[in-house]
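Please keep the sequence and the structure in view while reading.

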Amino acid sequence: MQVNVKSVEKNRKDLENITVTSEVAGEYNYDDKPISTSRTLGDVSVIWPDSFMSKVLKDHSSNKPSRGINRFISTMLHKFAKSTKKASAFRMLVLFLILAITLVQVGPLFGNLSSVSAETEINRWATVTGSGVNVRAEATSYSTKLETLAKNTRVYVTSKVTGQMTSLYGDQWYKIEYTKPEGIVISGYMVASLIQIDEDIPVDDPYFVEFQKLGFPSSYWSSLREMKIKYPNWKFTPVFIESKYDWETILNNQEVAGRSLIPSNWTDYLSSYYGLNKDSYNALKSYGSSSYNYIDDEWKTYDGSKWVMASRQTIAYYMDPRNWLNEYSIFMFEKIAYIPGLHTREGVKKLLSNTFMDGRESYQFQRYDASNSPVGGIETGTQIDFFMEAAERSNVSPYHLASRSKQEVGNRSPSVTGTYNDPYGTLDLRNLYNYYNIGATQTGINVRNGLEYALYGPGRKAEQTATDNKYLIPWNSPWRSIVGGALFIGCEYFDYKQDTLYFQKFDLINDEKYGVFWHQYMGNILAPFSEGKTNYNTYKSMNQLNGSFEFLIPVIAGIPEEPVSLPTDARNRNPWLKTLDVSGLAMNQAFDPAKTEYSITLNNEFATVDISATTINAKAKVEGAGAYPIMPGTNIFKITGISEAGDRREYTVSIIRKAEDGSVPSDVNLPQQEVPALNFSQQIVKVSNDQMTGLDPAKQLNQVQQFVANLGVTAGYQVQVFKNDGTPATETDLLGTGSVVRVSYDNLISKDYKIVIYGDVNGDGRITSVDLNQVFNHVLQTSSLEGVYGSAADIDKNTKISSADLNKIFNHVLQVSNISQE
């Protein structure tokens, strides 16, 4: 049976014209390109003309989605109710059909309304076959558009998912990664039929054979092959790290406080330059004891307040070479030797454009030879001239030197103004320059440290040494700083095989002078990527990408089989307690969040205590607080702080109750010996934190008498049940979402749980059209479901209330399928 609604936009009376047709199901394209206008649901289809859909969608285009849709629904119902003589049950069926059809056709326009399930990992290169194909934030045509890719664009497919069904393309989508020319990696979804996956590459592929002979692990091959095909002159050289410095050992040494840093606060710059997301940025930060102040509930900062320690997974992500094997990021592995003809003055000028070093300012300078003796007379030049000369004298790429300086002082920091005054008043640091921030260590004031180096050199003493002369110390002019600093980089890093941006950040080469791990030029873990990207853009602007570049790529023993991903869980991980109190009485010592052992001695008249606690972080919670009986002797209680992310910190309180004669018994009484631990022995009702689920209305498991019988509470505990309005429930009542179950023990211990029945969002214990309407309004953003009612609406438990949840309620009401309460 199919119901045809004709020309409804012309006159509401047309709604009464209901006929049987033979139309077939179809779909409406939300880019204003009608495909078809019918939808089949079981044996019933409702069909409308394109013009009506345009009318309904018109309000959405002006950010008024609910008006057009709600008008459509209400009008359809009103006219249909007047025209039909069918039973109310059939009218309700049509209501559900209309709601479902509207959601299929229109509802997905609003927000994140699709549940996407991962199916199979792909990890293959692919080519976009369509013209102007959109990359979406989720596997739906209505989610946020991240990028539009042209035909023949190369992308990397990481997985295949089931997403929105479209009549032209089906419901299969690929999750892809695409690296933009500026180096930003876009991760999103594209319809699978518009992407051509590369054919399987045989193991005897000549590129694979070459990389295998060189010693690259197979997880490197595909990405290297992709670049080698495009740039045949590029040379990839593996650098094998000593096996005793395996992956975990390196990570342990990179987690040293102050060694691997990220900016303390998220900015638009981090989003545009690195592609980092504001909502998940805190996930990148470390909660190590040397990196996070749990009492102050904030990260410890370096260099004033600009930097914090990166988390272990963040370090692993930026350290994993496989995450950077694309043409835009590969230049962090470029061997940074000076190559005349490839590295030009024009390239340096382009690299330094829009900075104070772009060549518009000229300086008078005196040239000095290798012994730090003056040569010739006073000359005039720009920083661009100085970088080119620095490259010639140090054999270090001028692009590397210029990008390093741009990274360090491109905003004209106090390190290069020549006007810095020593805040301690012990040194004259005026007329000194440090273009690479060499020696600007994080301890103390980094600018002062760097200018002290510019004055005295590595020895930090007034005595002039041979090393000082070698690096043209003091750096009392831009020329001396740029050229002398380049000599330092060449001698102290380049000559010790720290000759890539990657190895200057991650010191993995064990040498006789510096050993391994600690000799790192920069703390900023993002620097190799950002500086490498700058160099890439310069080569690209100079049409030099086809040059004979050599890339030194580390191969590390014990590296994970798959490339490390960037962490995304930004939930707070501070479980520390802020207060801990025992009936308002003084404990043996004042509470200190850093200490976890406490005791208190009470006279015999104290038969019970009330233990309370609060957490430092507002999103953490407390476990174990409450009213407890105490026996003569020592009573031990465990109070646990639980962070938002689930981290736990246990505090112990020993309460010593004296005997009637004032003596202290030697007995140790654990609370659970007197108050049995609360457990639920059955498997039907699911208990999690302060919620109970599993009460399937279809099996009458939410009827109070049946529920209490199935609860299986520990012997000795009493169970009270209240409806969601706070009134006691009778044995024949139905429990609904928001109902409260109170479990207590001799009126000393009491804990409340709230019922959640998936699909029952109004709390009446049934799943009906009323619930469907409330979820529908939430999806359309005309009302909001919060707390346990929001949990009840999130049927697929993916933290989003979407059309997928609405569809499950719809099918439940129509008895097509039941909503699982598990």
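Predicted model: local features only at pLDDT ≥ 70, side-chain atom pairs only at ≥ 80, totals over all residues.

M587 lies in the loop that links β24 (577-582) to β25 (597-602). Setting aside residues up to four places away in sequence, the contacts of M587 are L580, V582, Y598, S599 and I600.

The next topic is the packing of helices. Two packed helices are described by the angle between their axes and the distance between the axes. For helix α19 (residues 769-779) and helix α21 (residues 803-813), the axes approach within 10 Å and cross at roughly 165 degrees. Because angles over 145 degrees count as roughly antiparallel, α19 is roughly antiparallel to α21. The crossing of α19 past α21 is left-handed. On the α19 side the contact consists of S769, L772, V775 and F776, and on the α21 side of L806, I809, F810 and V813. Sorted by class, this contact of α19 with α21 comprises 7 nonpolar residues, 1 polar residue and no charged residues.

Burial in α19 can be set beside this contact. The buried residues of α19 are D771, L772, V775, F776, N777, H778 and V779. An α-helix has 3.6 residues a turn, so residues three or four places apart point the same way. After α19 comes Q781, which has a positive phi near 65 degrees.

A second pair is formed by helix α6 (residues 247-254) and helix α8 (residues 312-319), which pack at an angle of about 120 degrees with their axes 10 Å apart. α6 and α8 are therefore oblique to each other. The crossing of α6 past α8 is right-handed. From α6, the residues W247, E248, I250, L251, N252 and Q254 meet R312, I315, A316 and M319 of α8. By class, the contact of α6 with α8 has 6 nonpolar, 2 polar and 2 charged residues.

These details belong to a protein with 21 helices and 36 strands. Of its 822 residues, 52% count as buried. Among contacts with a separation of 6 or more, 62% involve residues 24 or more positions apart. The protein exposes about 37200 Å², and carbon and sulfur atoms supply 47% of that area.

Key
Residues numbered from 1 in each chain as written. Heavy atoms only, no water. Helix = DSSP H or I, 4+ residues; strand = E, 2+ residues; numbered from the N terminus. Contact = heavy atoms within 4.5 Å. Axes fitted to C-alpha atoms, helices over the stretch in contact; angles between N-to-C directions. Parallel < 35°, antiparallel > 145°, perpendicular 65-115°, else oblique. Left-handed = near helix turned anticlockwise from the far one by under 90°. Nonpolar A, V, L, I, M, F, W, Y, C, P; charged D, E, K, R; others polar. Buried < 20%, exposed > 50% of the residue type's maximum accessible area, 1.4 Å probe, protein only. Areas by Shrake-Rupley, 256 points an atom, 1.4 Å probe, with all protein chains shown as cover.
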